Amino acid sequence: MDSVPDEGLLLAVLNSTPVVDGVPADDLADAARARAWLASVGGLGTEAELRHVLGVRQALQDVVRGDRPPAVLAPALRGVALIPALTGDQITWTLSVPPERELAVRAILAWDALARLSPGRLRPCANGECRLFLIAHSKASTARWCSMAVCGNRMKARRHYQRLRSAPPA
Ligand SMILES: [Zn+2]
């Protein structure tokens with residue numbers, strides 16, 4: 001299975017605005033909950049970090065949905081550098097970015113790596129009433145739902161119901 005560093009972080013950021021019981025929610029709206037969330041994905045849990053993550057989340061969601069061009073991500077990458085270091089006979093690369101911006105930048109780098117290494121694997125859920133995203137297991141995968149148990153079954157049931165309704169009376 002293909003995977004890129006921070007794939008999980010990227011998906012966690014993208015999926016922090018779920019629809020709960022039909023109402024759009026934001027896991028990062030409450031400051032205390034947001035700080036705990038940031039810490040749980042390896043962040044600092046500071047207010048400055050939250051601001052950067054929120055800005056990048058909106059931009060990434062728009063880009064993955066195709067609503068805005070990737071250029072909207074450019075400001076969040078300003079001044080970011082990769083520093084090479086030779087350890088033994090190998091070069092390792094370290095991200096050079098102010099700590100409060102690191103999480104947001106890593107999410108963007110994961111989006112880029114996915115888009116280049118396996119374009120199309122990152123998708124919005126095909127249920128129009130769902131705001132979640134999914135990362136398919138492979139490029140060839142036809143996975144369309146964030147969760148087969150939730151959106152997959154719901155959409156299948158709806159299509160079945162519509163077929164029944166549109167069928168001519170016997
Ligand atoms: Zn869904």
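**Cores, zinc site and helix packing**

Leaving aside neighbours within four places in sequence, Leu-122 is in contact with Leu-10, Leu-11, Leu-14, Val-64, Trp-111, Leu-114, Phe-133, Leu-134 and Ile-135, where contact denotes heavy atoms within 4.5 Å. The structure is a predicted model, in which local features need pLDDT of at least 70 and side-chain atom pairs count only at pLDDT 80 or more, whereas totals for chains, interfaces and linings use all residues. Residues are numbered from 1 along each chain as its sequence is written, and side-chain values use heavy atoms, with hydrogens and water left out.

The chain comprises five helices and six strands. Helices (H or I, at least four residues) and strands (E, at least two) are DSSP runs, numbered from the N terminus. In order from the N terminus, the elements read α-β-β-α-α-β-β-α-β-β-α. Along the principal axes, the C-alpha atoms of the chain fill a box of roughly 75 × 40 × 25 Å. Of the 170 residues in the chain, 32% are buried; buried means under 20% relative accessible area, exposed means over 50%, and partly exposed lies in between, for a 1.4 Å probe and protein chains only. Among the contacts with a separation of 6 or more, 47% join residues 24 or more positions apart.

The largest nonpolar core contains 29 residues, and those with the most contacts inside it are Leu-10, Val-53, Leu-60, Leu-73, Trp-111 and Leu-122. A nonpolar core is here a set of buried Ala, Val, Leu, Ile, Met, Phe, Trp, Tyr and Cys residues joined through side-chain atoms within 4.5 Å. Two or more residues of this core are given by each of helix H1 (7-14), helix H2 (31-40), helix H3 (47-65), helix H4 (99-117) and strand E6 (133-135). H4 provides the largest share, eight residues. Apart from this core lies another, of five residues, including Cys-130, Trp-145, Cys-151 and Met-155.

Met-155, a member of the five-residue core, lies in helix H5 (residues 148-166). With 14% relative accessibility, Met-155 counts as buried. Beyond its neighbours within four places in sequence, Met-155 is in contact with Ala-126, Asn-127 and Trp-145. The C-alpha atoms of Met-155 and Ala-126 are separated by 8.8 Å, although these residues stand 29 residues apart along the chain. Leu-54, by contrast, lies in helix H3 and counts as partly exposed at 28% relative accessibility. Between Leu-54 and Met-155, 101 residues apart along the chain, the C-alpha separation is 30 Å.

A zinc ion has as its protein donors Cys-125 (SG), Cys-130 (SG), Cys-146 (SG) and Cys-151 (SG), which lie 2.3 to 2.4 Å from the ion. Donors are N, O and S atoms within 2.8 Å of the metal (3.2 Å for Na, K and Ca); water is not among the atoms, so sites may look incomplete. The spacing of the zinc donors along the chain is C-x4-C-x15-C-x4-C. The angles among the four donor atoms run from 104 to 119 degrees, and the site is tetrahedral, a term that requires all angles among four donors to lie between 85 and 135 degrees. For four tetrahedral donors, the ideal angle at a metal is 109.5 degrees. Cys-125 and Cys-130 are both buried.

Two packed helices are described by the angle between their axes and the distance between the axes. Axes are lines fitted to C-alpha atoms, for helices over the stretch in contact, and angles run from 0 to 180 degrees between N-to-C directions. The axes of H1 and H4 come within 8 Å and cross at roughly 110 degrees. H1 is therefore roughly perpendicular to H4, a description applied to angles of 65 to 115 degrees. Glu-7, Leu-9, Leu-10 and Val-13 of H1 make this contact with Leu-103, Arg-106, Ala-107, Ala-110, Trp-111 and Leu-114 of H4. For H2 and H3, the axes come within 10 Å and cross at roughly 80 degrees. H2 is thus roughly perpendicular to H3. Here Ala-34, Arg-35 and Leu-38 in H2 meet Glu-47, Glu-49, Leu-50 and Val-53 in H3.

Two aspartates show positive phi values although neither is a glycine. Asp-6, with a phi of about 70 degrees, is placed in the segment before H1 and is partly exposed, with a relative accessible area of 24%. Asp-21, with a phi of about 50 degrees, is found in the loop between strand E1 (19-20) and strand E2 (23-24). Asp-21 is exposed, its relative accessible area being 79%.

Terms used
Tetrahedral: all angles 85-135°; square planar, octahedral: opposite > 155°, others 65-115°. Parallel < 35°, antiparallel > 145°, perpendicular 65-115°, else oblique.
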